[in-house]
Amino acid sequence: MNAPLTIVGASYAGLQIAASARELGYDGPIVMLGDEAHAPYQRPPLSKGLLSGKTAPGQLPLRAPSFYDEQRIELRLGCRVESLDIGQRSLGLADGSALRYGVLAITTGARARPLALPGADLAGVHALRTLDDALALIAATERAQRVAVIGGGFIGLEVAAALAERGIAVSVIEAQPRLLARSVPPLLSAYIAELHRTRGVELLCGRQVRELRGWQGRVCGVGLDDGTAIECDLVVAGIGVLPNTEWALQAGLPADAAGRIMVDTLGRTAASDVFAAGDCAAMPSPHAPQPDQPVCLESIQAANDGARAIASCLVGRPLPCGAVPWFWSDQHGVRLQMAGLPAADDEVVLRGRTADKGFSLFMLRAGRIAAVHSVNRPAEHLLARKLVAARAQVDAHSVADLSFDLARTLDP
Amino acid sequence: MSVIHFILKDGSTRTLQARHGASVMEIAVLGNVPGIAGECGGSCACATCHVYVADADVDRLAPPDDMETDMLSAVAAERLACSRLACQIAMSAELDGLTVRVPHTQS
């Protein structure tokens, strides 16, 4: 019996495993299970174009429906996996049935971390992770006038920008003293904060939400730790994610402290023929400040790269991940692009001026380019990926000098 | 509906129906045209939907804006005068029969 390659999770990582496996000549049966009702779709527009009205839901599918037939990928939607038996190579599904696999790929992603606050179950409290979340949020914003966004990370800030663009009053509450504190250096946090303020978004950093206040079952305000009360008719929480891995961890797969399945740079878990990629997995990255510590980058690129590595194993030509991590965000028409992974003690060098239309921040580690954050400098970002990959050696003075051609450092 | 012709890396041509308003990148990705990645989902952020527009069609397109021009300077394959990012070309009745060639690499 030829038991199928079974992919649990039908988003970027899952789809890319199936697509890459076929591209590389994998000929066995492929089954992909997704617990949502939708075939794999693009997620970045959910907090960007879809919310601001520039993108329609019909533009979101990642592949045409015919793709799955053409590529002999059996896509089962609305199908939730609840248990795993590694010894029996078997999955237990929510409908009570069992499914045998030959090779298992876990790409179940993550879900929005729920608010653990009094009032979190009031009507009008939203999170944003899936297309259904986005459609519910869009419907709720039709009549919203004041929105409180809890969390000043990428999702929270993109939601704030998209809603402010539509003329809705938005307050962002962030527990850290600055926006995007885990992701970008203080100079960039300050730039982003200024960007939001000039577009009318109210920012409350260094404040904790104590409670959500309701009236007749609907949220009507947010109470903060300093006693401030913010009136609102809608709350959007963007406070991070929880990996969808409980069912797999019960089977004994090793995970990091956050519950993400540990994999090597080929996407292999501790169990043979069991792989994982995307937001449910943690993988060592040669570009991380601590290269041995598995990290989860929570990005499309990481999902796709992990998936390609898994596909390469399936056809017996293993090619580990090692690409430079990159990520982007759009807020108020400003394009923010990040290459590499910064560390807290990197030397931060500004190239250009923050008052200009575009600039970049270069993070130098031991005299080499470790990460670059660019604002409205897309070509510099693409060059930055090459510079980070090459760990280009350069001094701060040259980086800051706009007349210095950084590409020169690639071929010394 | 218009049609668009993609010349693939192996020299063969794939012709697809093109919904007006959709970008050439969207049409290519939905139509499973190999060699056009569109990793950023069409927000002009990744330069992985680079195409060469047929000489006869170049003048039918509005010229690239600053952002696209900037990105084109960093495409993986050779940049030619007819290089464009497929995500920035919106299909319309005027572009019926557009022919674009897929470069040998996007990354």
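Reader: In what order do the strands of the open sheet in chain B run?
Author: This is a predicted model. In chain B, 5 strands build an open sheet with mixed pairing. The order is S2-S1-S5-S3-S4.

Reader: Which strands of chain B stand at the edges of that sheet, and why is one side of each left without a neighbour?
Author: An edge strand here has a single partner strand, so one of its sides has no neighbour in the sheet. In chain B that applies to S2 (13–18) and S4 (83–85).

Reader: By how much are neighbouring strands of the chain B sheet turned against each other on average?
Author: The sheet in question is the open one with the order S2-S1-S5-S3-S4. Direction is ignored in the angle between its neighbouring strands. The average is 35°.

Reader: How much area is buried between chain B and chain A?
Author: On the chain B side, 18 residues are in contact; on the chain A side, 23. Carbon and sulfur atoms give 53% of the buried area. The total is about 1700 Å².

Reader: Which three residues supply more of the area that chain B buries against chain A than any other three?
Author: The three together supply 33% of what chain B buries against chain A. They are B:Leu30, B:Asn32 and B:Glu39.

Reader: How many salt bridges does the rule find across the interface of chain B and chain A?
Author: Polar contacts are present: 2 residue pairs, both at pLDDT 80 or more. On the side of chain B that touches chain A, 10 residues are nonpolar, 4 polar and 4 charged. For salt bridges across this interface, the count is 0.

Reader: What is the strand order of the open sheet in chain A?
Author: This sheet has 5 strands with parallel pairing. S3 (73–76) and S19 (274–276) of chain A are its edge strands, each pairing on one side only. The twist from one strand to the next averages 20°. The order is S3-S2-S1-S7-S19.

Reader: Which residue of S2(A) is the bridge partner of A:Thr6?
Author: S1 (residues 5–8) and S2 (residues 30–33) of chain A pair in the parallel sense over 4 bridges. In S2(A), the partner of A:Thr6 is A:Val31.

Reader: What angle does the direction of helix H1 of chain A make with that of S2(A)?
Author: Helix H1 (residues 12–23) packs on the sheet of chain A. This helix touches S1, S2, S3 and S7 (103–106). Its direction makes an angle with S2(A) of about 170°.

Reader: At what angle to S19(A) does helix H8 of chain A run?
Author: Helix H8 covers residues 300–314. It lies across S1, S7 and S19 of chain A. The angle to S19(A) is about 160°.

Reader: How many residues apart are A:Glu165 and A:Lys54?
Author: Their side chains meet in a salt bridge, at 3.0 Å from N to O. A:Glu165 is in helix H5 (residues 154–165) of chain A. A:Lys54 is in the loop between helix H2 (49–52) and helix H3 (65–70) of chain A. The pair links distant parts of the chain, with a separation in residues of 111.

Technical notes: Residues numbered from 1 in each chain as written. Chains lettered and ligands numbered in written order. Predicted model: local features only at pLDDT ≥ 70, side-chain atom pairs only at ≥ 80, totals over all residues. Heavy atoms only, no water. Pairing = 2+ DSSP bridges. Helix = DSSP H or I, 4+ residues; strand = E, 2+ residues; numbered from the N terminus. Axes fitted to C-alpha atoms, helices over the stretch in contact; angles between N-to-C directions. Contact = heavy atoms within 4.5 Å. Buried area = accessible area lost by both parts, 1.4 Å probe. Salt bridge = Lys/Arg side-chain N within 4 Å of Asp/Glu carboxyl O. Polar contact = N/O pair within 3.5 Å; in protein donor to acceptor, adjacent residues only side chain to side chain. Nonpolar A, V, L, I, M, F, W, Y, C, P; charged D, E, K, R; others polar.
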